[in-house]
Amino acid sequence: MRKTLLQKVWENHAVRTLPTGQTQLFIGLHLIHEVTSPQAFDMLRMRGSTVAFPNRTFATVDHIVPTLNQSRPFLDVLAEEMMSSLEKNCREFGIPLYDITNANQGIVHVIGPELGLTQPGMTIACGDSHTSTHGAFGAIAFGIGTSQVRDVLASQCLAIEPLKVRRITVNGSMRGGVYAKDIILDIIRRLGVKGGTGYAYEYGGEAFDGMSMEERMTVCNMSIEGAARVGYVNPDETTFEYMKGRPFVPQGAAFDKARAWWESLASDPDANYDDEMEIDAATIEPTVTWGINPGQSIGISERIPSPSSVPAEERASVAEALEFMSFRGGTPIMGTKIDVAFIGSCTNGRISDLREAARLVKGQHVAKHVQALVVPGSQSVRRLAEQEGLDKIFTEAGFEWRGAGCSMCLAMNPDQLQGRQICASASNRNFKGRQGSPTGRTLLMSPAMVAAAAVAGEVVDTRRLVRTEEVHA
Ligand code: SF4
């Protein structure tokens, strides 16, 4: 058969080929939130349409949710309006909503997997770029715009161009202190922020075989930052173990049946790929962005590039990034003073991220000049962390312990950078203005590196804070 998972899932969900050459693809799961859905529902009403499959549609609130004072009405009038609209729309169209009073509320890409809504072989759509996260389960998951949210609400289908598949194999073992975040930052750096255009990224190899589901989610989450439309990992034993017992996952005999089906969807060993690349995990070190897109990153021991050190076609963007960041080419990223440290987001706001950061900061203290935030990705993550005493470790170390939400990833809520502040951030985008201040500066890195930077008050190599044998392997 020689098919990739993408081909198999695509064929299973293709309704027809449209005259444009696009595929009309049936969407198995539609996840919605308060920011990109209000206009979509308005358009639906204007057309006199209804929601085709409310039982395949689930809503949560995350982007605008304050992480400190969550009492209603929110102080931000626009945020309150968005929240009220989502509540009204979900009531009217019979869509389940995980609002802030619900114990399962959280960032859309955190709660989907937690609840078992995300399953292998599914097609998934959501009005947020980082929907690629769900590909960690062997799902094909698309971030979509508001008009596409409308289309999926009305028809449960998406018109989408067929994709090529690039197999990215990472073999060898990750060095101590290197995490899934470093792997994906390195991949984006190698392939470029436009390198994935027209592609799905299939991730595999020894490094991925050894990763937890949460680590795989971190990698798939940032596929979109390399312009890949989707990213996925073939489902395996790790996937099935993670899924067992979750609320929306079939149980007992039905699970065994589903599992056999999910296994059959993995790419065939001799599948044909449109492109392949291989990376040796041992060549990757803790990685930090220095510029204004996630491809502008370097290993912690490297120096920031200068326009003269890069190919001609990259010179303008390097010069622009250096100017915005007030960095000089040829200087190390290590030692860059930070003002804010943010651990959270759908990339790195899960329990394993918090456990690792807590382990590193235990008994230490955040530098005096740094504001440090830990924002769990969901209420479930927050509860679990509190049961394990992680909140105490963080607060004793001088971190602020917040309620679940997107927080400073996108800053559509009160958590925002001020002025020219520099933030060591476990999130996924370092675009100009991304964290709330038009002139604010973002350095993307793993949560462990953020934890280390918070304590040191500057960018440091997380491996220097702990004995090598204690570092995550
Ligand atoms: S954490 Fe950031 S990327 Fe993820 S859903 Fe929220 S705003 Fe989007």
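Predicted model: local features only at pLDDT ≥ 70, side-chain atom pairs only at ≥ 80, totals over all residues.
**The whole chain**

Zoom out and colour by secondary structure. The protein chain has 16 helices and 19 strands. Its radius of gyration is 21 Å, close to the 23 Å that the globule rule gives for 473 residues, so the chain is as compact as a globular protein of that length. Along the principal axes, the C-alpha trace spans about 55 × 55 × 45 Å.

Of the contacts between residues at least 6 apart in sequence, 75% join residues at least 24 apart. Then draw the surface: the accessible area comes to about 17,800 Å², and carbon and sulfur atoms hold 51% of it. Buried residues account for 60% of the 473 in the chain.

**The nonpolar cores**

Which residues have the most contacts inside the largest nonpolar core? Select F394, F399 and L443; the core they belong to has 51 residues. Elements that each supply at least two of its residues include α11 (315–325), β15 (340–343), α13 (351–361) and β18 (422–425). Helix α16 gives the most, with 6 residues.

Centre on F394 and show its surroundings. Leaving aside residues up to four places away in sequence, F394 touches L354, A357, A358, V361, V374, F399 and W401.

Next, select L25, I64, F74 and A125. These are among the members of a second, separate core of 41 residues.

**A buried helix**

Go to residues 213–221, which form helix α8. All 9 of the 9 residues are buried, so α8 is largely enclosed by the rest of the structure. The buried set includes E214, E215 and R216 as well as M213, M217 and V219.

**The ligand shell**

What are they? They are H63, I107, H109, D128, H130, S345, C346, C406, C409, L410, N428 and R434. By class, this shell has 5 nonpolar, 5 polar and 2 charged residues.

**Backbone exceptions**

Most residues other than glycine have a negative phi, and most peptide bonds are trans. The remaining stops concern departures from that pattern.

Stay with S345, one of the residues around the ligand. S345 is not a glycine, yet its phi is positive, about 85 degrees. S345 is found in helix α12, residues 345–348. Is S345 buried or exposed? S345 is buried, with a relative accessible area of 1%.

Move to A411. Phi of A411 is near 60 degrees, again a positive value in a residue other than glycine. A411 sits in the loop between β17 (400–401) and β18, and its relative accessible area of 7% makes it buried.

Finish at P73, in the loop between β4 (57–60) and α3 (77–93). Show the backbone from R72 to P73: the peptide bond there is cis, with omega near -10 degrees.

How values were computed. Residues numbered from 1 in each chain as written. Heavy atoms only, no water. Near = heavy atom within 4 Å. Nonpolar A, V, L, I, M, F, W, Y, C, P; charged D, E, K, R; others polar. Core = buried A, V, L, I, M, F, W, Y, C linked by side-chain atoms within 4.5 Å. Buried < 20%, exposed > 50% of the residue type's maximum accessible area, 1.4 Å probe, protein only. Helix = DSSP H or I, 4+ residues; strand = E, 2+ residues; numbered from the N terminus. Contact = heavy atoms within 4.5 Å. Rg over C-alpha atoms; globule rule 2.2 N^0.38 Å. Areas by Shrake-Rupley, 256 points an atom, 1.4 Å probe, with all protein chains shown as cover.
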